[in-house]
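Work through the exercises below with the model open. Each task is followed by its solution.

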Amino acid sequence: MSQGVGVVGLYVRDQDEALEFYVDKIGFRVHTDAKNGDYRWLTVQHPDQPSFQLGLFTPGPPTVDAATAQTLRESVAKGAMPPLVLIVDDCRAAYEKMRARGVEFTQEPIDRYGSVDAGFRDPSGNGWKMIQARRARE
Amino acid sequence: MNRPSGQDPELLRRLLRAKDRMDAASHEEWPVDRLAKVSHVSEAHFARSFKDAFGVPPHRYLLTRRIERATALLRETELSITDIAFQTGWKSLGTFGRTFRDVTGESPGDLRAREKSARHQPEPVPACLLSAAHRPNLTSAVSEKRRQEAGAINDADEKKEVP
């Protein structure tokens with residue numbers, strides 16, 4: 001695939017903390033970690049999904065002014081950013097593993113007509129749904 | 001900072017934890033001291049900070065969540081209204097009915113009757129977030145099909161910008 005969405009970014013409160021979370025706790029890998037002055041372009045990716053990068057960015061100059069950055073930090077911390085979805089093969093196993101690593105779950109795995117989903121947040125407040133899709137869909 | 005939104009993100013993150021806990025177990029009792037403990041905030045500050053952050057006082061937020069759950073159960077299950085009232089955290093059927101009417105404008109029984117007559121195929125409906133999460137698959141499949149039918153729409157010169 002040569003066309004498509006390459007990077008989608010999240011706002012996080014601290015890039016070091018986010019890096020540790022997404023790599024050590026969720027199991028993503030660092031794709032790019034490049035610094036340019038105060039600006040840090042940091043992306044991670046799922047090991048099975050080399051064509052997609054998740055950007056972990058802090059709101060601030062030069063991208064946005066200080067007041068806007070404050071508003072964005074507040075929005076993230078309030079959990080007001082859009083939902084994120086992580087697809088897994090086994091939601092309960094992933095839940096156990098991630099919880100043991102200290103991931104903050106907001107919802108334990110729930111069975112819903114054959115699919116299983118759980119909810120967690122990153123340290124900044126971004127909310128994820130972790131979904132094990134229904135098997136044998138046709 | 002005076003404007004209500006000018007709150008410390010660290011505090012907001014801890015208040016969010018209290019909101020998450022109510023979401024996860026809205027049928028439980030959530031007195032202010034319990035919520036304040038989750039957020040590591042003094043009881044005196046909790047309710048005000050929560051309202052500043054989320055626009056509604058914590059107790060009202062909890063009631064809203066309970067009504068949402070009750071509405072879903074009325075729609076999707078055959079449970080009696082009494083069972084639904086107790087499952088969603090009310091101690092009396094009367095309080096449940098009154099609050100439900102205050103919030104939604106109709107009684108639980110009326111809502112159920114209306115939903116029943118409106119719906120012809122009783123299909124199990126998964127939670128709203130879950131179906132929302134599955135929606136992209138559906139739309140992309142549909143749009144993909146359309147695109148194939150319509151032929152390539154975008155063969156304009158490729159514009160690639162490396163961030």
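A charge sits over a ring if NZ of Lys or CZ of Arg is within 6 Å of the ring centre and within 35 degrees of the ring normal. This is a predicted model: local features need pLDDT of at least 70, side-chain atom pairs count only at pLDDT 80 or more, and totals for chains, interfaces and linings use all residues. Residues are numbered from 1 along each chain as written, chains are lettered from A in written order, and side-chain values use heavy atoms, without hydrogens or water.

**Exercise 1.** Find the ring under the charged end of Arg66(B).

Solution. Go to Trp90(B). The charged end of Arg66(B) sits over this ring, 5.5 Å from its centre. Now take Lys19(B): its charged end sits over the ring of Phe54(B), at 5.0 Å from the centre.

**Exercise 2.** Classify the pair Phe46(B) and Phe50(B).

Solution. Start with the rule: rings of Phe, Tyr and Trp (its six-membered ring) pair if their centres lie within 6.5 Å; planes under 30 degrees apart are stacked, over 60 edge-to-face, the rest tilted. The structure holds 13 such pairs over all chains. Here the centres are 5.6 Å apart and the planes at 35 degrees, so the pair is tilted. Both residues lie in helix H3 (residues 43–54) of chain B, four residues apart; helices are DSSP runs of H or I, at least four residues, numbered from the N terminus.

**Exercise 3.** Is Arg13(B) buried or exposed?

Solution. Apply the cut-offs: buried is under 20% relative accessible area, exposed over 50%, partly exposed in between (1.4 Å probe, protein chains only). Arg13(B) has 1%, so Arg13(B) is buried. Its place is in helix H1 (residues 9–24) of chain B.

Conventions: Helix = DSSP H or I, 4+ residues; strand = E, 2+ residues; numbered from the N terminus.
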